[in-house]
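Subject: Structure handover

Hello,

Here is the structure you asked to look at. Please open it first and then read the notes below it.

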Amino acid sequence: MIHRYNRRHPRAGVFVGLTGATLVLAAVLAAGQPPAAPPARRLPLLPYQTRSLTLGTVTCASSLCHGSVTEWKGSHVRQDEYIIWSRTDRHARATLVLLNERSRRIASNLGLPEPAHKSKICLDCHAHNPDSTLQGPRFKVTDGIACEACHGPAERWVASHTAPEATHSQNLANGLYPTAEPLARARLCLSCHLGNTDRFVTHRMMGAGHPRMSFELDTFSSIGPAHFTVDEDYRERKGSWDEVKFWAIGQAVAVSQRMDLMTSPRGRDGLFPELVLFDCHACHHPMSEGRWKPKTAFGPSPGPGVARLNESNMLMLRAIARQVDARLAAQLDASVSRLSAAVAGQGDLAAEAMALRDLAEHAAARIEASSFGEASLRDLALTLLDEGLAGHYSDYAAAEQASMAIGSVASTLRARGLLRDPAAFNRALGALRDALANDETFKPAEFQKRLLTLRALVDRPRAAS
């Protein structure tokens, strides 16, 4: 087991993805057209965007459906999915969080006309919250992030998906959301855990007391816990799973969605840009601390006193692109640099944000069509570590994303027998996580020191056979 995030846990299962899903590119890129991506296809609407009827979690909870207390042997699916979700998945209790004192205080500070557990701005992410006209008689908003929040409103597919002759592709055609496809799953999860133009945690909400958002797709998927088993039948229906590809596509989609937010009307808060898109600790620190540096991970700094974007996902995406397409990596590097200059008033912010969005979407398509072999995995791990040793994880958000990324890549290296001493690596990764225990007391130098131990463990050649 490789240490993932800030708590120990068994990897109860993994998610799988289909190859071939791509995003549509919107424009010719300012840094030059990158190599052609695979043929594009339109991704489905997110579950909350569809107009089908939501039937309610109880529809799936029968002991003869997905509510068995134990896994069925010989079945194509576990049949105990509802029990796993209801007993161990935090999504099941997401709405109950809105009843606590912190949520009451946030709603009061925001001046909401209704309490948090009745306010759309809260329920849109803390529950499956379809329009009242799309709520079936057995629907309960208190079920939280329930079955249909991820798998899609069940009106059109609930009956047909149990038919003996039903195929996965037919279920998808009937409205089942393709959670097994990396791009689709990334868009779904990030629609709440980062936000999109319909819903996201704003700087005002954080000022009112909402916690800082923290998310990485592969890490959070692995600690879900999973309510399915990847076996031969699963692979035949839905394809094989690649943890690193899952993580990498999640980074690309995160960059794309950040740029969507930056260019949407919701990307502004009165006279100010939406500050949640910037690095929190660039501003939230004692004024006596001299934090400005003349250089950033993406070239010269636009100057002291300029609000710095949260570049954590961009750093991860550049590291990934270096393994997939060196020219694309160079284009990402230049695009982020131009975007930072535009934030400081030295360029067209909307144009630069859209150019970076297109690059991120192109990167997602390239990653989906790529595979990570032994050499590229090791190089990717070393790139992530060397970026930190070069001082590029001096802000907390970047260090946090890097630690989760290293865990994701290391998990795959271990599974393929490419880590010489997994136990030592696990201990060192746990120590790295400890350096992230408190974002307000984060010490970049200590984090950098702990990266050195990890690098030695990755760089060490395998023993001769």
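Helices α15 and α16 are roughly antiparallel to each other, because the angle between them is about 155° and an angle over 145 degrees counts as roughly antiparallel. Please keep in mind that this is a predicted model. Helix α15 covers residues 374-389, helix α16 covers residues 396-415, and their axes are 10 Å apart. The crossing of α15 with α16 is left-handed.

Which residues of the two helices meet? On the α15 side they are L377, R378, L380, A381, L384 and L385; on the α16 side they are A405, I406, V409, T412 and L413. By type, this contact consists of 9 nonpolar residues, 1 polar and 1 charged.

Another residue of α15 is E387. E387 has a relative accessibility of 8% and therefore counts as buried, since the limit for buried is under 20%. Apart from neighbours within four places in sequence, E387 touches L315, R318, R322, H392 and Y393.

R318 also takes part in a salt bridge: its side chain meets that of D333 at 2.3 Å, N to O. R318 lies in helix α12 (residues 312-324) and D333 in helix α13 (residues 326-343), so the bridge ties together parts 15 residues apart in sequence. R318 is buried, with a relative accessible area of 3%, whereas D333 counts as partly exposed at 27%.

The side chains of R212 and E400 meet at 3.0 Å, N to O. This pair links distant parts of the chain, 188 residues apart: R212 sits in the loop between α7 (203-207) and α8 (217-222), and E400 sits in helix α16. Are the two partners buried or exposed? E400 counts as buried, at 5% relative accessibility, while R212 is partly exposed, with a relative accessible area of 27%.

A further salt bridge joins the side chains of E71 and R78, at 3.3 Å from N to O. Here E71 is partly exposed at 30% and R78 is buried at 18%. Across the whole structure, the search finds 20 salt bridges.

At 58% relative accessibility, A159 counts as exposed. A159 and N171 are 12 residues apart in sequence, and their C-alpha atoms are 9.9 Å apart in space.

Regards

How values were computed: Residues are numbered from 1 along each chain as its sequence is written. This is a predicted model: local features need pLDDT of at least 70, side-chain atom pairs count only at pLDDT 80 or more; totals for chains, interfaces and linings use all residues. Side-chain values use heavy atoms; hydrogens and water are left out. Axes are lines fitted to C-alpha atoms, for helices over the stretch in contact, and angles run from 0 to 180 degrees between N-to-C directions. Helices (H or I, at least four residues) and strands (E, at least two) are DSSP runs, numbered from the N terminus. Angles under 35 degrees count as roughly parallel, over 145 as roughly antiparallel, 65 to 115 as roughly perpendicular and the rest as oblique. A crossing is left-handed if the near helix is turned anticlockwise from the far one by less than a right angle, and right-handed if clockwise. Contact means heavy atoms within 4.5 Å. Ala, Val, Leu, Ile, Met, Phe, Trp, Tyr, Cys and Pro count as nonpolar, Asp, Glu, Lys and Arg as charged, and the others, Gly among them, as polar. Buried means under 20% relative accessible area, exposed over 50%, partly exposed in between (1.4 Å probe, protein chains only). A salt bridge is a side-chain nitrogen of Lys or Arg within 4 Å of a carboxyl oxygen of Asp or Glu.
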